[in-house]
Amino acid sequence: MNRERSLRYRLAGIEVFAILLALLFLAPFYFVLVNSLKTLGEILVDAASLPEVYKFTNYSRVWDMIRFPTALRNSVVITAISVAGIVTISSMTAYRLVRRPTRFNNLLFLAFISSMIIPFQSVMLQLVRVTSILELRGDLLGIVVCYLGFGLALSVFLFHGFIKGVPLEIEEAAVMDGCSPYGVFWRIVFPLLKPIAVTVVILNTLWIWNDYLLPVLVIGSNKDLTTIPLAVTRFFGQYTKQWDLALAGLAMSVTPIVVLFLLLQKHIVEGITSGSVKG
């Protein structure tokens with residue numbers, strides 16, 4: 001009885017700790033949502049309290065001031081094209097590296113892994129120079145190419161670990177049935193990569209959707225390609241910061257990505273754990 005009671009107390013303590021930890025991580029969402037419905041004066045006086053009058057007009061003002069539909073469309077297009085390219089190229093690259101372990105392929109994989117430790121800030125000036133020479137600045141193709149370049153290393157690493165666990169006998173059987181090399185990958189192998197593919201999609205979507213530094217370097221002043229993070233910075237000037245409008249814009253920008261994350265979160269854990277133990 002004492003052992004069972006001790007076990008119940010431990011489980012209760014774990015539940016309380018989990019609840020407190022969840023509240024800690026949810027605190028930023030509380031501050032964003034609550035303060036997005038206040039006036040600037042209320043935010044400066046007490047940012048933690050509930051609003052005296054709910055200012056839903058903050059959202060309508062932000063919608064018009066930053067041309068939110070245009071910024072949302074640009075973010076969706078850039079994110080979708082970049083993520084699709086990263087998943088396609090990195091999965092095929094990792095498959096080739098795993099199934100053809102030549103010396104060159106091993107060195108190439110080492111190059112991918114090594115590039116992950118290079119700080120982005122160390123290549124910023126060179127990136128601006130190269131994109132200017134190639135006339136990719138302020139262009140949709142330019143920002144997509146940059147995201148492909150910076151996103152492939154981690155994605156190849158994740159796919160590489162997962163593909164090691166795919167049985168080679170399945171591919172050999174498909175070849176015996178007359179399947180082409182591309183057919184083997186897209187019809188047999190790629191469907192088996194769903195868990196890690198969803199993981200790659202989520203990780204890169206979160207990164208690209210919320211990224212500010214790379215768009216500001218490549219897109220620059222092209223208002224037709226302004227993404228949501230670039231648009232929200234309009235509320236932060238040199239002398240004034242419109243926190244009420246900025247937080248409303250932040251809440252609007254976070255909503256689509258939070259919904260996507262909640263729908264696919266179980267695949268993230270499944271993909272990461274599977275890729276870590278196979279091979």
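Is Leu152 buried or exposed? In this predicted model, Leu152 is buried, with a relative accessible area of 15%. The residue belongs to helix α7. Its contacts beyond four places in sequence are with Ile86, Ile89, Ser90 and Phe112. Ile86 is 66 residues away from Leu152 along the sequence. In space, the C-alpha atoms of the two residues are 5.9 Å apart.

The pairing of helices α4 and α9 was examined next. Helix α4 spans residues 68-99, and helix α9 spans residues 181-192. Their axes come within 12 Å and cross at roughly 105°. An angle of 65 to 115 degrees counts as roughly perpendicular, and α4 and α9 are therefore roughly perpendicular to each other. On the α4 side, the meeting residues are Val87, Thr88, Ser91, Met92 and Tyr95. On the α9 side, they are Tyr182, Val184, Phe185, Trp186, Val189 and Phe190.

Glu171 sits in helix α8, which covers residues 168-176. Apart from neighbours within four places in sequence, Glu171 contacts Tyr95, Arg99, Val166, Val184 and Val189. Among them, Tyr95 is one of the α4 residues that meet α9. Val184 and Val189 are among the α9 residues that meet α4.

The contact between Glu171 and Arg99 is also a salt bridge. The closest N and O atoms of the pair are 2.6 Å apart. Distant parts of the chain are linked by this pair, with Glu171 in helix α8 and Arg99 in helix α4, 72 residues apart. The salt-bridge count for the model comes to 1.

Met116, Ile117, Ile118, Leu154, Phe157 and Leu203 make a nonpolar surface patch of about 560 Å². One of these residues, Ile118, is found in the loop between α5 (103-115) and α6 (124-133). Helix α5 itself contains Asn106. Asn106 is partly exposed, with a relative accessible area of 43%. The C-alpha atoms of Asn106 and Lys223 are 43 Å apart. Along the sequence, these two residues are separated by 117 residues.

Which backbone phi values are positive in residues other than glycine? Arg67 has a phi near 50°. This residue is in the loop between α3 (57-65) and α4. Its relative accessible area is 43%, and Arg67 is thus partly exposed. Glu135 has a phi near 60°. Glu135 is placed in the loop between α6 and α7 (140-163). With a relative accessible area of 69%, Glu135 is exposed.

Two further positions are buried. Thr199 lies in helix α10, residues 194-210. Its relative accessible area is 0%, and Thr199 is buried. Thr199 and Leu264 are 65 residues apart in sequence. Their C-alpha atoms are 8.5 Å apart in space.

Val232 lies in helix α12, residues 228-232. The relative accessible area of Val232 is 11%, and the residue is buried. How many residues along the chain separate Val232 and Leu245? The two are 13 residues apart, and their C-alpha atoms are separated by 8.6 Å. With neighbours within four places in sequence left aside, Val232 is in contact with Ala246 and Gly249.

The arrangement around helix α4 can be drawn together. Helix α4 crosses helix α9 at roughly 105°. Arg99 of helix α4 pairs with Glu171 of helix α8.

Definitions and conventions. Residues numbered from 1 in each chain as written. Predicted model: local features only at pLDDT ≥ 70, side-chain atom pairs only at ≥ 80, totals over all residues. Heavy atoms only, no water. Patch = residues over 30% accessible without salt bridge, like charges linked within 9 Å, V, L, I, M, F, W, Y side chains within 5 Å. Areas by Shrake-Rupley, 256 points an atom, 1.4 Å probe, with all protein chains shown as cover. Salt bridge = Lys/Arg side-chain N within 4 Å of Asp/Glu carboxyl O. Helix = DSSP H or I, 4+ residues; strand = E, 2+ residues; numbered from the N terminus. Contact = heavy atoms within 4.5 Å. Axes fitted to C-alpha atoms, helices over the stretch in contact; angles between N-to-C directions. Parallel < 35°, antiparallel > 145°, perpendicular 65-115°, else oblique. Buried < 20%, exposed > 50% of the residue type's maximum accessible area, 1.4 Å probe, protein only.
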